[in-house]
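Work through the exercises below with the structure open beside you. Try each task before you read its solution.

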Amino acid sequence: MAKQFDIPFDAMTAEHLAAQFGTPLYLYDEGGIRKTARELTKAFAWAKNYKNYFAVKATPTPAILSIVLEMGMGLDCSSRMELLMAQRLQVSGENIFYTSNNTPKEDFELAIQLNVTVNIDDLTQVPVFVGALQGKRLRRAAVRYNPGGLKHGNSIIGEPVEAKYGMRLDQLAEAFTLLKRQDITEFGLHTMVASNELDHEYFGETAQVLLQAVDRVEHETGLHMSFINLGGGFGVNYKPHQRPFDVQAAAAAVREVLVKNGREDLHIHTENGRYVTGPHGYLLSRVRYVMQKHKTYVGLDASMHNLMRPGMYGAYHHLTVLGKESHVHTGTYDVVGSLCENNDKFAIDRKLPTVKPGDYVVIHDSGAHGHAMGNNYNGLLRSPEVILREDGSTQLIRRGETAEDYFKNMVWPVVP
Ligand SMILES: *Cc1c(COP(=O)(O)O)cnc(C)c1O
């Protein structure tokens, strides 16, 4: 079944938003985020104490984080600033996972102070974590496992043997032996070996690989594992021919593996970001020029610094020319921004209706790893973020950057 690429607002609303906030802008559909969050929670309803810790890095905007928190999710932080965001949102430690890598000692100290579940990435960092702990009591701790050749990765994250994350199977016992001597109540094992994966079977296989490691660790250390964390990676069907991720089937595949191994005692956690917010964010931009060069270019007022995914790793994002949804796709365009980088292209050879300057172009599925990856290269400013509430009203949730923002941390020479 072809994806519909519905847009929860019309050309008139786009016009109003543009007049009020300027383009480009990010618009998030609150109702859509809530619906997906409900579906995810429902799929894992069989699992006792299931929690998805929303990966903050996907959409680090307080108004979005507060929605997923309201929906019963926790937060998965990967850096000090993300921990501080969670703290400012008054999220309690039990609802925070700290999955970082190459982690400085100060960050372990903050994570311990907040009593979050620390997920340790490497053997070098276990003694650093223990040092930061200073004998304090901690509720939970986890270790990140990299199954290497035991599991295939996918194209975004690559093969596990090439991935910088996680410990080898033969290193896990040493890590847990050190942790066992601490005053920690519960232990768990984490892995994340795929990103943007649409095959639900993959997550059953991931659970199986984790359970084998759990078994070995318990055998070698005498520790009892309380939980497994399957990481993020539930996919978004960005392309028209792709079927949506079957979250129900993924959860069922995980359940089947637990039952088969007789390990229904283990609590299940995930860290999905993209799946929750990705489809519900829209980058709204406006056409500046249609340019005839060796090819025909549509120049938008958005650039790669607003949405890095297409330029950075060739990701497909669907485009809709607002108000021309029913027009025949007679044109073939490269859709570009204004960065001085030739990979600043949202689409190459894309079939679209005839595009005119002033048209609004919606870039779909931009709600995760979108605004978050933005930057100021070429002196371009990051766009505002707006939320579309369930009652149809809209609200600014992050203002666009100004020249003052851009200049504020620069040290200027004193002009005599
Ligand atoms: C990026 C990341 C996630 C979230 O990935 P999604 O593709 O947004 O689901 C979760 N956990 C870890 C450790 C990550 O690095």
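Buried means under 20% relative accessible area, exposed means over 50%, and partly exposed lies in between (1.4 Å probe, protein chains only). This is a predicted model: local features need pLDDT of at least 70, side-chain atom pairs count only at pLDDT 80 or more, and totals for chains, interfaces and linings use all residues. Residues are numbered from 1 along each chain as its sequence is written, and side-chain values use heavy atoms, with hydrogens and water left out.

**Exercise 1. Classify Asp 365 by its accessibility, then find its salt-bridge partner.**

Step 1. Locate the residue. Asp 365 sits in the loop between β15 and β16. Helices (H or I, at least four residues) and strands (E, at least two) are DSSP runs, numbered from the N terminus.

Step 2. Apply the cut-off. Asp 365 has 4% relative accessibility, so it counts as buried.

Step 3. Check the backbone. Phi of Asp 365 is near 55°, a positive value in a residue other than glycine.

Step 4. Look for a partner. Side chains of opposite charge can pair when their charged atoms come close. A salt bridge is a side-chain nitrogen of Lys or Arg within 4 Å of a carboxyl oxygen of Asp or Glu. Asp 365 forms one with Lys 3, at 3.0 Å from N to O.

Step 5. Asp 365 lies in the loop between β15 (360-363) and β16 (385-388) and Lys 3 in the segment before α1 (11-21), so the pair ties together parts that are 362 residues apart in sequence. Both Asp 365 and Lys 3 are buried.

**Exercise 2. Describe how helix α2 and helix α3 pack, and name the residues that meet.**

Step 1. Take the geometry. Helix α2 (residues 30-43) and helix α3 (residues 62-70) pack at about 35°, and their axes are 10 Å apart. Axes are lines fitted to C-alpha atoms, for helices over the stretch in contact, and angles run from 0 to 180 degrees between N-to-C directions.

Step 2. The crossing of α2 and α3 is right-handed. A crossing is right-handed if the near helix is turned clockwise from the far one by less than a right angle, and left-handed if anticlockwise.

Step 3. List the contacts (heavy atoms within 4.5 Å). From α2 come Glu 30, Ile 33 and Arg 34; from α3 come Ile 64, Ile 67, Val 68 and Glu 70.

Step 4. Find the charged pair. Arg 34 and Glu 70 form a salt bridge, with their closest N and O atoms 2.9 Å apart. Arg 34 lies in helix α2 and Glu 70 in helix α3, so the pair ties together parts that are 36 residues apart in sequence.

Step 5. Compare the two ends. Arg 34 counts as buried because its relative accessibility is 12%. Glu 70 counts as exposed because its value is 58%.

**Exercise 3. How many salt bridges does the whole structure hold, and which residues does the network join?**

Step 1. Take the total. A search of the whole structure finds 18 salt bridges.

Step 2. Examine another pair. Asp 359 bridges to Lys 324, with the closest N and O atoms 2.8 Å apart. This pair links distant parts of the chain: Asp 359 in the loop between β14 (345-352) and β15, Lys 324 in the loop between β12 (319-321) and β13 (331-336), 35 residues apart.

Step 3. Classify both. Asp 359 counts as buried at 13% relative accessibility. Lys 324 counts as buried at 13% too.

Step 4. Follow shared partners. Salt bridges that share partners join Glu 30, Arg 34, Glu 70, Arg 389 and Glu 390 into one network.

**Exercise 4. Is Thr 59 buried or exposed, and what does it contact?**

Step 1. Thr 59 lies in the loop between β2 (51-55) and α3.

Step 2. Classify. Thr 59 has 1% relative accessibility, so it counts as buried.

Step 3. Leave aside neighbours within four places in sequence. Thr 59 then contacts Tyr 28, Phe 54, Ile 64, Leu 65, Thr 277, Gly 367 and Ala 368.

**Exercise 5. Describe the backbone at Pro 24 and at Asn 115.**

Step 1. Start with Pro 24, in the loop between α1 and β1 (25-29). A cis peptide bond joins Thr 23 and Pro 24, with omega about 0°.

Step 2. Turn to Asn 115, in the loop between α5 (105-113) and β5 (117-120). Asn 115 is not a glycine, yet has a positive phi of about 55°.

Step 3. Classify Asn 115. At 29% relative accessibility, Asn 115 counts as partly exposed.
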